Amino acid sequence: MKIDGTSYRSIWLNDDGWSVNIIDQTRLPHEFHVERLTTVDQAAHAIKAMLVRGAPLIGATAAYGVCLGLRADAGDVAFNKMCEALIATRPTAVNLRWAIRAMQDLILPLPESERVSAAYEKATQICDEDVAINSAIGDHGLGVIEAIWEKKGKVGPLNILTHCNAGWLATVDWGTALSPIYKAHDAGIPVHVWVDETRPRNQGAHLTCWELGKHGVEHTLIVDNVGGHLMQHGQVDLCITGTDRTTAAGDVCNKIGTYLKALAAKDNNVPFYVALPGPTIDWEIDDGVKDIPIEIRDSHEVDYIQGKDSAGQVSEVRILPEESSSANYAFDVTPACLVTGLITERGVADASKEGLARLYDRLEYKAS
Ligand SMILES: CSC[C@@H](O)[C@@H](O)C(=O)COP(=O)(O)O
């Protein structure tokens, strides 16, 4: 996507042909900083500290992390160790495991001398495929948006609510939930996006607002608990979110707070769509609430809010008493029964075992 006229992906190989550039998302929206990764440890840190985040981008970064690690040591012991370390960085998004598994399947049978070049080829392929997948999600999602726009009598604006950031910053390009929105905007539909702030890390405020603004999409930031009120008053035509892990039965696990939006949408007959690429499906599990590991992050993220102060400095402030403690659950599960449809690169599926099985062969994307 474009930033002030220049096309960017969220991750790309440097001109030197081996080091990896990422956009440091912890500094957005106040500073646009490109960070150069040269070691697997730096890649693991970038994922854990959320310089990069979003399920598909985590997978892509891990794949390039493997390339950087193999440059230092292409032996089996080091390779398996780096794969374990990368998988341990974040537990919920299944794309991470899928990408590492794809690298392992390719690399382990090869002689050491061939591993580095094969790894770079595969990581580049994972990135290019992610871009194509997300563009196709956008095309299928555009169909959904067009149908709702028709039903509304083409009286604008078309109000879409989204949670967290499932835009191009969360993928290699285009995004999942935001890809249909960009395509609808480009097709001339007057979309307006309600952007959930998404506490505690404020991916909505920091990243989604920045992305949409750069693309010229109308948007309004709301605090996390406003969505239900807007839905009760007919101010939301549809919701679209992303997902970090989708079960074979269509449950979706996304940023904390997604479930409450889906409940409110159901109560108000607002369509609730979830956009996802094939590698986000975990075919090994059916029951998301029972089986998806939910990341619990450092409570510092809840205790402090980061922003730009009146002197123009980016700083943090503590929002609760020194003696109080907090809990930081990063994701929740929305059961399939609350999801109107799953927008995939292969079309829109019912959120059910049968719906997903109609589009995918469960052996295509292996994560374990
Ligand atoms: C296309 S991204 C889908 C999800 O990864 C996204 O909605 C999300 O919840 C990201 O969480 P984050 O903790 O910022 O990595």
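This briefing describes the domains, sheets, helix packing, ligand shell and backbone features of one protein model.

The model is predicted. Its domain assignment gives domain 1 (2–128) and domain 2 (137–359). A ligand is surrounded by 18 residues, and each of the two domains contributes at least three residues to that shell. The sheets described below are an open sheet of seven strands with mixed pairing and an open sheet of three strands with antiparallel pairing.

- The centres of domain 1 and domain 2, taken over C-alpha atoms, are separated by 24 Å.
- Domain 1 brings 25 residues to the contact and domain 2 brings 28 residues.
- On the side of domain 1 that touches domain 2, the elements giving two or more residues are β1 (2–3), α2 and α4 (94–107).
- Of these elements, α2 gives the most to that side of domain 1, with five residues.
- By class, the side of domain 1 that touches domain 2 consists of 14 nonpolar, seven polar and four charged residues.

**Ligand shell**

- Among the residues around the ligand, the closest are Arg53, Ala55, Ala170, Gly242 and Lys255.
- Helix α2 (55–72) and strand β11 (252–255) each supply at least two residues of the shell.
- The shell comprises seven nonpolar, eight polar and three charged residues.

**Seven-stranded sheet**

- The strand order of this open sheet is β8-β7-β6-β9-β12-β17-β18.
- Strands β8 (218–222) and β18 (347–349) are the edge strands, each pairing on one side only.
- From one strand to the next, the twist averages 25 degrees.
- Within the sheet, β6 (residues 158–162) pairs with β9 (residues 238–241) in the parallel sense, over two bridges.
- Leu161 stands opposite Cys239 in β9.

- Helix α5 (residues 112–151) lies across β6, β9, β12 (272–275), β17 (341–344) and β18, and runs at about 135 degrees to β17.
- Helix α6 (residues 178–186) also packs on the sheet, where α6 touches β6, β7 (191–196), β9, β12 and β17.
- The direction of α6 makes about 155 degrees with that of β7.

**Contact between α5 and α6**

- The axes of α5 and α6 come within 7 Å and cross at roughly 65 degrees.
- This crossing of α5 and α6 is right-handed.
- From α5, the contact involves Asn134, Ser135, Ile137, Gly138, Asp139, Gly141, Leu142, Val144 and Ile145.
- From α6, the partners are Ser179, Pro180, Tyr182, Lys183 and Ala184.
- By class, the contact of α5 with α6 has seven nonpolar, five polar and two charged residues.

**Three-stranded sheet**

- The order of this open sheet is β3-β4-β5.
- Strands β3 (11–13) and β5 (34–37) stand at the edges with a single partner strand each, so one side of each is left without a neighbour in the sheet.
- Neighbouring strands of this sheet are turned by 25 degrees against each other on average, direction ignored.
- Strand β4 (residues 20–23) runs antiparallel to β5, and four bridges join β4 to β5.
- Val20 stands opposite Leu37 in β5.
- Helix α2 lies across β3, β4 and β5, running at about 25 degrees to β3.

**Backbone features in loops**

- The peptide bond from Gly156 to Pro157 is cis, with omega near -5 degrees, and Pro157 is found in the loop between α5 and β6.
- Lys154 lies in the loop between α5 and β6 and has a positive phi of about 55 degrees although Lys154 is not a glycine.
- A cis peptide bond is also present from Arg199 to Pro200, with omega near 10 degrees.
- Pro200 is placed in the loop between β7 and α7 (203–215).

Terms used: Residues numbered from 1 in each chain as written. Predicted model: local features only at pLDDT ≥ 70, side-chain atom pairs only at ≥ 80, totals over all residues. Near = placed C-beta within 6 Å. Nonpolar A, V, L, I, M, F, W, Y, C, P; charged D, E, K, R; others polar. Domains from an automatic or database assignment. Pairing = 2+ DSSP bridges. Axes fitted to C-alpha atoms, helices over the stretch in contact; angles between N-to-C directions. Contact = placed C-beta atoms within 7 Å. Left-handed = near helix turned anticlockwise from the far one by under 90°.
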